[in-house]
Amino acid sequence: MSPSPRDPVIAGLGITELGKVYGPTAADFAAQAVRRAAADAGLALADIDGLLVSSGTTNGVRLDLQRDLELTDLRLLSEMQSYGSTAGAMVQLASMAVQAGMADVVACVWADNPLRPGRSAGAAYGAGARPQAGWPGLLTASGVVGANHLYALAARRHMETYGTTSEQFGAIAIAQRAWAAMNPLAQLREPITLDDYLASRWIAEPFRLLDCCLVSNGGIAVIVTSADRAADLAQPPVHVLGWAQSHPGHSGRRDDDFGLVTGAAQAGPAALSMAGVGLADIGVVELYDCYTFTVLVTLEDYGFCPKGEGGRFVESGILGPGGDLALNTGGGELSAYYMWGMTPLSEAVIQARGQGGQRQVAEHELVLVSGNGGILDHHSTLVLGGRR
Amino acid sequence: MSVGPLARDERTAEFLDGAAAGKFLLRRCDVCQAISAPHVRQCGQCGSTELSWQPAAGGATVVSWAVAHARSAPDGTIATSTLVIAQLDEGPWWWSKLVDAAPDAVASGTRLRVDFERADEESEYVPVFRLAAG
């Protein structure tokens with residue numbers, strides 16, 4: 001596919017302070033992230049003519065962010081929500097708007113502030129009224145509460161079907177923590193061993209604490225513009241070469257493949273095909289990692305290894321700095337920060353630009369980015385390029 | 001008390017009437033006879049919205065299981081509960097708690113039967129699972 005001046009490019013990245021940051025609301029974080037992204041790109045806020053916003057658990061990032069940023073004459077403005085797949089979905093919509101000439105400079109932003117002083121992370125994510133009526137109330141009353149329980153059920157199914165083990169989940173946690181040690185943005189940087197992993201407390205078997213992502217306050221924004229426009233801006237352009245989404249739906253009955261196959265199996269190949277590249281061309285992989293298990297099943301579904309062999313694959317020594325697969329090179333949501341889909345996307349942009357510092361991967365021309373939302377319900381894939 | 005409080009709404013009223021009578025009500029399509037889960041709005045097979053209620057036989061098989069650990073305030077003791085995805089013999093899946101069974105008594109394929117419990121007299125009956133006898 002020959003290059004065009006309107007090819008979409010990520011030209012700006014804005015990251016607020018992340019983690020146990022108290023005071024700013026989600027909207028405050030979102031505005032700050034967009035300001036930082038514009039400054040990063042060498043753009044004025046007034047240059048922004050498209051705004052896509054997405055919220056986390058506090059549902060705090062809304063259309064009125066336009067007003068907070070005093071943006072006028074927007075040609076694209078929407079709230080989007082497909083949970084962890086939304087960061088990718090926002091970049092996709094922004095890319096298509098730029099390609100079509102509908103907008104020139106589109107900011108895509110996500111922010112959340114679930115953490116409050118004196119309240120545990122677990123309580124933060126369980127906070128808010130649990131449904132006690134109707135069908136949602138039935139699940140709660142039955143004791144099935146929240147993502148930890150539902151993903152644990154998915155992971156156990158994978159373990160019993162394919163023989164995947166806890167130690168194999170642990171290999172993912174250990175490798176990502178080793179990358180996080182080199183990431184100044186990461187919340188958790190102390191290396192961990194298999195013993196540390198196995199000793200961490202149960203959340204919902206088979207998940208231990210170290211199988212589960214962090215919780216963070218903060219916000220991240222990216223700015224998508226045309227290749228032509230990006231050529232004059234401050235950062236190395238990150239081309240958006242391919243993209244796809246998959247929302248397979250679950251039948252919820254006999255033959256449902258919940259826990260075994262995800263939408264990544266459809267969206268990965270589709271995005272690679274759009275980009276005109278193969279898996280072997282990918283140098284860096286940033287996968288949504290709400291749980292260690294999510295990484296494992298996504299690796300299988302993307303085709304890095306056959307279905308069911310994700311466990312053997314991740315414990316083979318291929319992960320971690322120095323391994324052959326540069327995966328979640330900032331530590332991911334497990335060790336760096338939990339900004340939903342902005343976590344893998346932000347690290348992907350940093351790597352694609354060659355700005356990873358101590359953790360920079362040498363082969364960063366093509367970066368694969370996943371997003372996963374709901375309970376393995378919503379999937380997005382992006383293929384990003386350091387150059388066309 | 002294994003289950004939490006539950007209030008009915010318009011959409012769950014008939015199902016919960018069944019639960020109170022000890023029946024797990026499923027949906028049967030009037031057009032193609034396929035059986036769907038109780039909460040569906042249209043037949044999972046043919047899409048028809050003409051659905052009737054049919055009681056499940058009560059047998060199920062474990063599809064997956066997990067053991068939730070919860071710190072109970074204020075003494076900090078850890079309470080565990082075994083959760084299952086169970087495939088009812090008629091086909092639909094249901095997510096609930098396994099009661100009166102050790103966590104290591106269950107694996108994929110274990111046979112279960114449906115039962116009903118309620119948090120208190122003001123609350124609705126909630127389906128739970130027990131190990132099938134024998």
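Two bridges, that is 2 bridges in the antiparallel sense, join β5(A) to strand β4 (residues 59-72) of chain B; strands count as paired if DSSP finds at least two bridges between them. At this place Ala204(A) stands opposite Ala68(B) in β4(B). The structure is a predicted model, in which local features need pLDDT of at least 70, side-chain atom pairs count only at pLDDT 80 or more, and totals for chains, interfaces and linings use all residues. Residues are numbered from 1 along each chain as its sequence is written, while chains are lettered from A and ligands numbered from 1 in the order in which they are written. Helices (H or I, at least four residues) and strands (E, at least two) are DSSP runs, numbered from the N terminus.

**Confidence**

- The model has an ipTM of 0.96 and a pTM of 0.97.
- Chain B has a mean pLDDT of 94, with 98% of its residues at 70 or more; pLDDT is the predictor's confidence in each residue, from 0 to 100.

**Contact between chains A and B**

- Contact joins 28 residues of chain A to 33 residues of chain B, where two residues are in contact if their C-beta atoms, placed from the backbone, lie within 7 Å.
- On the side of chain A that touches chain B, two or more residues come from each of α5 (134-141), α6 (146-162) and β5 (202-205) of chain A.
- The most is given by α5(A), with 7 residues.
- This side of chain A has 11 nonpolar, 10 polar and 7 charged residues. Ala, Val, Leu, Ile, Met, Phe, Trp, Tyr, Cys and Pro count as nonpolar, Asp, Glu, Lys and Arg as charged, and the others, Gly among them, as polar.

**Domains of chain A**

- Chain A is divided into domain 1 (8-115 + 217-226) and domain 2 (147-213 + 238-388), with bounds that come from an automatic or database domain assignment.
- The C-alpha centres of domain 1 and domain 2 of chain A are 23 Å apart.
- In chain A, 24 residues of domain 1 are in contact with 27 residues of domain 2.
- β1 (8-15), α3 (86-100) and β7 (218-226) of chain A each supply at least two residues of the side of domain 1 that touches domain 2.
- α3(A) gives the most to that side of domain 1, with 7 residues.
- By class, that side of domain 1 has 14 nonpolar, 10 polar and no charged residues.

**Sheet of chain A and the helices on it**

- Chain A holds an open sheet of 10 strands with mixed pairing, in the order β3-β2-β4-β7-β1-β8-β12-β11-β9-β10.
- At its edges stand β3 (76-79) and β10 (326-327) of chain A, each with a single partner strand, so one side of each is left without a neighbour in the sheet.
- Within chain A, β2(A) pairs with strand β4 (residues 105-112) in the parallel sense over 6 bridges, and Leu52(A) stands opposite Cys108(A) in β4(A).
- Helix α1 (residues 26-41) of chain A lies across β1, β2, β4 and β7 of chain A and runs at about 125° to β1(A). Such axes are lines fitted to C-alpha atoms, for helices over the stretch in contact, and angles run from 0 to 180 degrees between N-to-C directions.
- α3(A) also packs on the sheet, where the strands it touches include β1, β2, β3 and β4 of chain A, and its direction makes about 170° with that of β4(A).

**A helix pair in chain A**

- The axes of helix α7 (residues 166-180) and helix α11 (residues 292-302) of chain A come within 9 Å and cross at roughly 100°.
- α7(A) and α11(A) are therefore roughly perpendicular to each other, a term for angles of 65 to 115 degrees; those under 35 count as roughly parallel, those over 145 as roughly antiparallel, and the rest as oblique.
- The contact is made by Gln168(A), Phe169(A), Ile172(A) and Ala173(A) of α7(A) with Thr292(A), Phe293(A), Val295(A) and Leu296(A) of α11(A).
- These residues divide into 6 nonpolar, 2 polar and no charged.

**Sheet of chain B**

- Chain B has an open sheet of 3 strands in the order β2-β1-β3, with antiparallel pairing.
- Its edge strands, β2 (35-36) and β3 (51-55) of chain B, each pair on one side only.
- Strand β1 (residues 25-29) of chain B pairs with β3(B) over 5 bridges in the antiparallel sense, and Cys29(B) stands opposite Leu51(B) in β3(B).

**Backbone details in chain A**

- The peptide bond from Glu205(A) to Pro206(A) is cis, with omega near 15°; Pro206(A) is in the loop between β5 and β6 (207-208) of chain A.
- Asn59(A), a residue other than glycine, has a positive phi near 50° and is found in the loop between β2 (50-55) and α2 (65-68) of chain A.
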